[in-house]
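Please look over the sequence and the model before reading on.

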Amino acid sequence: MQTIDATNLDYKAVNKALREAETDYIIQGCCGQRFIAAGMSDKNLTIKGIPGNALGAYLNNANIIVKANAQDAVGDTMNEGKILIYGNIGDAAGYAMRGGKIYVQGNAGYRAGIHMKAYKEKIPVMIIGGCAGSFLGEYQAGGVIIILGLHKDNKRIVGNFPCTGMHGGKMFLRGRCENIHFPKQVTARCAATEELDEIREYLSEYCSDFGYSMDVLLSEPFTVVTPDSKNPYKQMYVAN
């Protein structure tokens, strides 16, 4: 494994070194460089510092670990692989992702999971350990979003307008979520045992990554949210 000192490098130099690498890499001194590992395949990357926007965009079968926070658009349109964030992330994480996993120990900003979609056998998965901002899962068309609210400090687990335009996939929110207003085109209900079984593998992996206990995660019920119409936009914009 080789090391890149990114302290005095711009994003072009950092990504050039990654493209030319024949082995796995550690990036030290990262501070806002954009597009790191965009389109990367078949490599493992550890980042010590804060990567800039579009970390792991179009990622293909590669693994990224960030030992800090990350900025906006993490995993934009990623296809496969895994991004592990030991901190918080900015807005629009997982924009249009169609495969792979994004696991975040902390909180997410606005519009996490926007336009998330499944592609053939690929099922994208995003797990946020803390809370998520407004417009979570906006226009979600596939995949799985899980919000755990493990350190929400009396805040709501999600912000305003979750699931706006959602027409596919599933969202799981830890807790009963009775204080959250969902739009008319989705159904929110307490997750049944068989529905929790669908995400048990992902939760177990998340616990292994971040050192949490499955017993703790499952000590509260989960609310599952699904679309209840194949034409949610009609409900949003057309008078009935």
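## Terms and model

A residue is called buried when its relative accessible area is under 20%, exposed when that area is over 50%, and partly exposed in between. The structure described here is a predicted model.

## Salt bridges within helices

The count of salt bridges comes to ten. In helix α2, D197 and R200 lie three residues apart, about one turn of the helix, and their side chains meet in a salt bridge at 3.4 Å, N to O. D197 counts as partly exposed because its relative accessibility is 42%, and R200, at 35%, likewise counts as partly exposed.

Helix α1, which spans residues 11-20, holds E20 and K16, four residues apart, again about one turn of the helix. The side chains of E20 and K16 form a salt bridge at 2.7 Å, N to O. Here E20 is exposed, with a relative accessible area of 53%, whereas K16 is partly exposed at 43%.

## A bridge between helix and strand

D209 forms a salt bridge with K82, and the closest N and O atoms are 2.7 Å apart. D209 belongs to helix α2 (residues 193-210) and K82 to strand β5 (residues 81-85), so this pair ties together parts that are 127 residues apart in sequence. K82 counts as buried, with 14% relative accessibility, and a network of salt bridges links K82, K101, E205 and D209.

## The largest pocket

The largest pocket holds about 160 Å³ of space. Its lining comprises four nonpolar, four polar and two charged residues, and among the lining residues are E80, K101 and Y202.

Methods. Residues are numbered from 1 along each chain as its sequence is written. This is a predicted model: local features need pLDDT of at least 70, side-chain atom pairs count only at pLDDT 80 or more; totals for chains, interfaces and linings use all residues. Side-chain values use heavy atoms; hydrogens and water are left out. On a 1 Å grid over the protein atoms alone, a cavity is a set of points where a 1.4 Å probe fits but cannot get out, and a pocket is an open set with protein on both sides within 12 Å along at least five of seven lines; lining residues have an atom within 4 Å of a point. Grid points are joined across faces, edges and corners, and a volume is the space filled by probe spheres set on the points. Ala, Val, Leu, Ile, Met, Phe, Trp, Tyr, Cys and Pro count as nonpolar, Asp, Glu, Lys and Arg as charged, and the others, Gly among them, as polar. A salt bridge is a side-chain nitrogen of Lys or Arg within 4 Å of a carboxyl oxygen of Asp or Glu. Helices (H or I, at least four residues) and strands (E, at least two) are DSSP runs, numbered from the N terminus. Buried means under 20% relative accessible area, exposed over 50%, partly exposed in between (1.4 Å probe, protein chains only).
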